[in-house]
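Subject: Structure handover

Hello,

Please find below the structure for your files. My notes come after it.

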Amino acid sequence: MDNSAKHLLQRLVRRIPVSMLKSTLDKWERLTAEKRKSLDFTQSKWIITQELVALYITENPNQGMWHTFQLVSVKIKKHTDQAVWIRVAWGDGLSSPNHLKATYVVLYLQTPYVFVNALSSKHKPLLLQALTLSTRHQQIKAANLSGQKLTALRDLLMRQYQQVFPPKYPSPLAEKLRVEKVQAEASANRHRMARETFGDGMLPALQSAVFKLETKFKGPTNEAMTQRDEPFICSVKFSSSNLLESLRHCASSGIASTPVTPMLSSIPLKGRNYFVITDNVLTA
Amino acid sequence: WNAERRRRRRRRRRPRRRLVSSFCYCLLFSSELWSVNRAWRGLAKGTLSYVTPLYQFRHTQLKSYSRQLSAFIAAEKQEGLAVEVGGLQNTFKVSFSVLRFRQEDPPKTVWCGWLSCINGNPEYLQSLPKDFTCLPLFCSKGAEDLSSLVKSWLQRTFDCCFGPLDINQTTLQWLAALWTNCHMETNIQNLKMIWTLPVLPPLQVTYTVDSDDVLDLWRSTRESSAEKSREAEDEVCIDFSEVTRFMQGLMSHFYRHFRVDLSAGELNQVSSALGSAKVNGKIKISSSRYLISIFSLLTECALLKMPI
């Protein structure tokens with residue numbers, strides 16, 4: 001919900017008389033009955049507005065920019081399979097908490113992952129420390145996965161999309177195909193490897209992946225550059241309305257050679273979309 | 001007699017509505033006039049079209065063209081203009097000028113455009129019939145409705161036609177090499193290239209290379225050419241095979257990491273601190289260096305695109 005929408009909602013709630021607020025919300029029919037029941041109309045209008053905004057964001061999590069963090073610990077707690085939403089409004093000694101610029105945190109308790117939206121760098125160490133302590137973990141680190149759609153990030157990390165595993169034994173039919181139709185086999189292989197790498201059916205809608213390359217120049221015909229000691233600094237950003245589907249199509253159509261390079265397969269396997277690549281290792 | 005005609009026309013004219021004053025100028029220039037310092041900024045940004053040769057265009061008639069275009073725009077605008085409240089009586093101010101005259105800064109430019117021909121193919125130019133002037137490159141920046149008005153006036157006055165100039169892959173690759181070459185004198189910060197791969201959904205690849213590293217790559221592709229001497233680097237005298245080798249170097253470094261073949265896609269945009277060019281004809285030039293070379297490339301692009 002952007003700031004102008006929040007202001008508009010605030011002004012609307014302010015103008016509607018308290019006695020008519022409940023019946024107006026009922027008439028709008030934008031909230032389910034149980035959500036409406038959960039609203040306490042004896043509170044101040046300011047608090048009611050904040051609760052409405054929070055309800056909206058919970059219903060529409062695919063906005064803004066979400067960043068993922070991973071809690072680090074020896075102990076893993078088992079809880080029920082539900083997400084915990086936390087809303088944090090920040091203030092300091094001089095000003096009261098700013099509810100219009102709140103930070104949203106989503107915890108999936110059965111995983112070590114935490115998703116955070118709208119967190120300023122000033123408040124970041126405080127929030128991360130609070131999360132680590134309150135969840136009784138030892139450490140928290142950035143998971144290098146960001147995007148607009150919370151549901152896509154969640155699905156990617158929790159493998160909640162259709163995975164395809166290679167068959168253990170090749171079927172006699174596949175053997176026959178290889179002998180008779182080489183091209184069809186190559187195409188079938190590409191499709192299979194594409195699906196094994198990225199998954200089947202609907203894939204989580206990541207928008208982009210960024211690779212910062214700090215490797216030496218790699219070019220078959222250019223001796224001068226290949227002999228250079230310094231790294232060839234560049235960055236590559238892949239963007240699409242659904243990145244994983246685009247990459248899968250690249251692999252199945254042959255634009256990306258199969259087997260798919262670990263650079264690209266790391267996106268679904270490790271659940272990350274930000275990488276720094278040096279010559280030695282794929283660094284975290 | 002002309003003054004008399006003008007006075008009579010003014011009396012017959014309908015009451016003027018308030019229109020935003022605009023400043024539109026058309027430039028004819030060749031290399032020798034290129035010493036004017038600030039005026040080039042007007043060329044800095046816009047959308048390119050090609051235009052077929054202009055019939056009976058006379059650069060001695062610029063004042064008359066200014067008046068005609070001004071009247072044309074005013075007449076067309078009155079057709080659909082809403083009633084102005086408390087209207088002041090300003091008309092459009094249109095003026096055509098040649099680059100050599102320094103103009104004062106206009107009060108508010110709402111549209112500007114230019115026509116040009118830099119280092120056009122001499123055989124083609126000589127083959128044109130005597131009455132035709134070839135200014136194939138047209139750039140417009142400003143409101144789309146004003147662009148259409150200016151184009152339709154030019155079309156009916158000089159019997160020419162316009163078409164969109166899609167900057168082709170070759171020109172974009174040239175610009176990439178040219179801007180990289182400029183890094184020897186001016187910091188280009190980085191070279192950014194954007195490709196689109198034909199998959200579903202379409203995949204955009206933004207490949208940004210550090211300026212010093214891309215310059216090293218460019219120089220290495222030039223040095224591999226045996227006859228190159230040291231001085232040749234200072235002139236902008238580039239062979240297209242060097243541009244091809246340069247692009248192949250960039251694409252093979254990319255392939256070694258991602259195993260994705262960029263040549264399966266289309267290069268859509270090239271940009272650096274010196275400017276940017278997109279395949280849809282949108283251009284932006286932030287530095288006056290190598291302007292002649294860039295415009296020569298674009299002129300050639302326009303000549304190739306023309307249907308005749």
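This is a predicted model: local features need pLDDT of at least 70, side-chain atom pairs count only at pLDDT 80 or more; totals for chains, interfaces and linings use all residues.

Residues are numbered from 1 along each chain as its sequence is written, chains are lettered from A and ligands numbered from 1 in the order in which they are written, and side-chain values use heavy atoms, without hydrogens and water.

Chain B has eight helices and eleven strands (DSSP runs numbered from the N terminus: H or I of at least four residues for helices, E of at least two for strands). Of its 308 residues, 48% are buried (under 20% relative accessible area, with a 1.4 Å probe and protein chains only). Among contacts in chain B with a separation of 6 or more, 78% join residues 24 or more positions apart (contact means heavy atoms within 4.5 Å).

Helix 6 (residues 211-223) and helix 7 (residues 240-258) of chain B have axes that come within 9 Å and cross at roughly 135° (axes are lines fitted to C-alpha atoms, over the stretch in contact for helices, and angles between N-to-C directions run from 0 to 180 degrees).

On the cysteines, the whole structure contains zero disulfides over all chains (a disulfide being a pair of cysteine sulfur atoms within 2.5 Å). For Cys117(B), the nearest cysteine sulfur belongs to Cys134(B), 5.0 Å away. Cys117(B) is buried at 16% relative accessible area, and Cys182(B) is buried at 1%.

Regards

Key:
Buried means under 20% relative accessible area, exposed over 50%, partly exposed in between (1.4 Å probe, protein chains only).
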